[in-house]
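Hi everyone, and thanks for coming. Please have a look at the screen, and then I'll walk you through what we see.

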Amino acid sequence: GVVAEHFGWRIAFLAVGAPGILVALAMKLTMKDPARIPMPETAHADAASLRVVLKRLVGSPAIVNLVLGFTLASFAFGAISAFNQPYFIRAFGLTYGQIGLIFGLSGGLASAACLVVSGRLTDWATAHSDRWHAWLPIFGLSAAVPFILAAYTVADWRVALGCTFLSGFFMNWFIIPTLSALHKL
């Protein structure tokens, strides 16, 4: 945000991408691939064909519904998240630098807190019933809605940020229970 504010968005992309290219180049020049160790014949399993795997995945209503629900929730959260920063700039007059710092910290904290809380909640709840794999995402996404609406209707950017934080916290609740259910299936 600070780089974009002072030098433009193109330079900001270069500033973010250049270190990755430099690290990749340094790794390529200084590191060697480890030696490959041949696996014993008993370790090889017959691989299922792609057709068999796809038939199993698409043939399972539970897997199809979990993937669809995960995809829809991800699209909704991505759209809301992409809109937040421009909204805060236009509605509250914040700068790119302020937005970068504010959303970097609050978004990171909301995601981390959500994953810890929803992970522990998923472990506890699904020990009692596997139905919680569906109920926890429903509760989380439902709890996020009032905070999403409030974030775009309040006059103070700090209150809006608090609402955005809470919406991000609850909106991400679908991740852990859904992935847990997919792994169990």
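Let me start with a question: where is Phe 174 found? Phe 174 sits in the loop that runs between helix H7, residues 157-171, and helix H8, residues 175-184. Before going further, please keep in mind that this is a predicted model.

So, is Phe 174 buried or exposed? Phe 174 is buried, and its relative accessible area is 5%. What does Phe 174 contact, once we leave aside its neighbours within four places in sequence? The list is Phe 70, Ala 73, Ser 74, Pro 137 and Leu 141.

Now let's step back to the whole protein. How many helices and strands are there? The protein has 8 helices and 0 strands. If you read along the sequence, the pattern is α-α-α-α-α-α-α-α.

Next, the overall dimensions. The radius of gyration is 22 Å, whereas a compact globule of 185 residues would have one near 16 Å. Taken along the principal axes, the box filled by the C-alpha atoms is roughly 65 × 50 × 30 Å. Of the 185 residues, 24% count as buried.

What about the surface? The accessible surface of the protein is about 12,800 Å², and carbon and sulfur atoms account for 72% of that. On the charge side, there are 12 positive and 7 negative side chains, with the centres of the two sets 6 Å apart.

And the contacts? Take the contacts in the protein with a separation of 6 or more: 73% of them come from residues 24 or more positions apart.

With that picture in mind, let's visit a few more residues. Where does Lys 32 lie? You'll find Lys 32 in the loop between helix H2, residues 9-30, and helix H3, residues 50-58. Lys 32 is exposed, with a relative accessible area of 75%.

Which is which on burial? Ser 106 is buried, with a relative accessible area of 11%, whereas Leu 109 is exposed, with 56%. Beyond its neighbours within four places in sequence, Ser 106 is in contact with Leu 161 and Phe 165. As for Leu 109, its C-alpha atom is separated by 19 Å from that of Tyr 96, and the two residues are 13 apart along the chain.

Let's finish with the cysteines. How many disulfides does the structure hold? The structure holds 0 disulfides. Cys 114 is in no disulfide, and the nearest cysteine sulfur, that of Cys 163, is 17 Å away. As a reminder, a disulfide is a covalent bond between the sulfur atoms of two cysteines. The cut-off used here is a pair of cysteine sulfur atoms within 2.5 Å, so the 17 Å between the sulfurs of Cys 114 and Cys 163 does not make a disulfide.

Are these cysteines buried or exposed? Cys 114 is buried, with a relative accessible area of 0%. Cys 163 is buried as well, at 10%.

Where is Cys 163 found? Cys 163 is in helix H7. Not counting residues up to four places away in sequence, Cys 163 touches Phe 147, Ala 150 and Ala 151. Pro 146 is 17 residues from Cys 163 along the chain, and their C-alpha atoms are separated by 8.6 Å.

Methods. Residues numbered from 1 in each chain as written. Predicted model: local features only at pLDDT ≥ 70, side-chain atom pairs only at ≥ 80, totals over all residues. Heavy atoms only, no water. Buried < 20%, exposed > 50% of the residue type's maximum accessible area, 1.4 Å probe, protein only. Helix = DSSP H or I, 4+ residues; strand = E, 2+ residues; numbered from the N terminus. Rg over C-alpha atoms; globule rule 2.2 N^0.38 Å. Contact = heavy atoms within 4.5 Å. Areas by Shrake-Rupley, 256 points an atom, 1.4 Å probe, with all protein chains shown as cover. Lys, Arg positive; Asp, Glu negative; His and termini not counted. Charge placed at Lys NZ, Arg CZ, Asp CG, Glu CD.
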